[in-house]
Amino acid sequence: ERYQAAIRRALEIAMKIADDAMRDVALSQIIRLSVKVDHMQTARVLLRTIRSEKLRAELTVESPVLAAHDAAS
């Protein structure tokens, strides 16, 4: 529950970031936290919001379960 609160608060802050690259970096950290605490649905939804193809690819390499889900959808 503590992680869920942290993820929600971090998302609130990240969505206020105007610069796309900085927002992508912030979202990538939230995705990593989500994967760490096994909130895969959150991680997958946020992965789709990342605009940088390179960063999205890095995240799927770090967490192959995200890549496996993308291939299935």
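Predicted model: local features only at pLDDT ≥ 70, side-chain atom pairs only at ≥ 80, totals over all residues.
Asp38 sits in the loop between α2 and α3. Check its backbone: phi of Asp38 is near 65 degrees, a positive value in a residue other than glycine. Most residues other than glycine have a negative phi. Is Asp38 buried or exposed? Its relative accessibility is 61%, so Asp38 counts as exposed.

Next, step back into helix α2 and pick Ser34. Ser34 has 0% relative accessibility, so this residue counts as buried. Which residues does Ser34 touch, leaving out those up to four places away in sequence? They are Ile7, His39, Thr42 and Ala43.

Now show α1 and α2 together. Two packed helices are described by the angle between their axes and the distance between the axes. Here the axes of α1 and α2 come within 10 Å. They cross at roughly 170 degrees. An angle over 145 degrees counts as roughly antiparallel, and α1 and α2 are therefore roughly antiparallel to each other.

Zoom in on where these two helices meet. From α1, select Tyr3, Ile7, Ala10, Leu11 and Ala14. From α2, select Arg23, Ala26, Leu27, Ile30, Leu33 and Ser34. Colour this contact by residue type: nine of its residues are nonpolar, one is polar and one is charged.

Next stop: the core. The largest nonpolar core has 14 residues. Which of them have the most contacts inside this core? Select Leu27, Ile30, Ile31, Ile50, Leu59 and Leu66. Four helices each supply at least two residues of the core: α1 (2-14), α2 (20-36), α3 (40-49) and α4 (53-62). The largest share, four residues, comes from α3.

Stay with Leu66 and display its neighbours. Leaving out residues up to four places away in sequence, Leu66 touches Ile31, Val35, Met40, Ala43, Arg44, Leu47, Leu59 and Thr60.

Finish on α4. An α-helix has 3.6 residues a turn, so residues three or four places apart point the same way. Select the buried residues of α4, which are Leu55, Leu59 and Thr60. Why do they lie on the same side of α4? They cover an arc of only 135 degrees around the axis, and this puts them there.

Notes: Residues numbered from 1 in each chain as written. Heavy atoms only, no water. Core = buried A, V, L, I, M, F, W, Y, C linked by side-chain atoms within 4.5 Å. Buried < 20%, exposed > 50% of the residue type's maximum accessible area, 1.4 Å probe, protein only. Contact = heavy atoms within 4.5 Å. Axes fitted to C-alpha atoms, helices over the stretch in contact; angles between N-to-C directions. Parallel < 35°, antiparallel > 145°, perpendicular 65-115°, else oblique. Nonpolar A, V, L, I, M, F, W, Y, C, P; charged D, E, K, R; others polar. Arc of directions from axis to C-beta.
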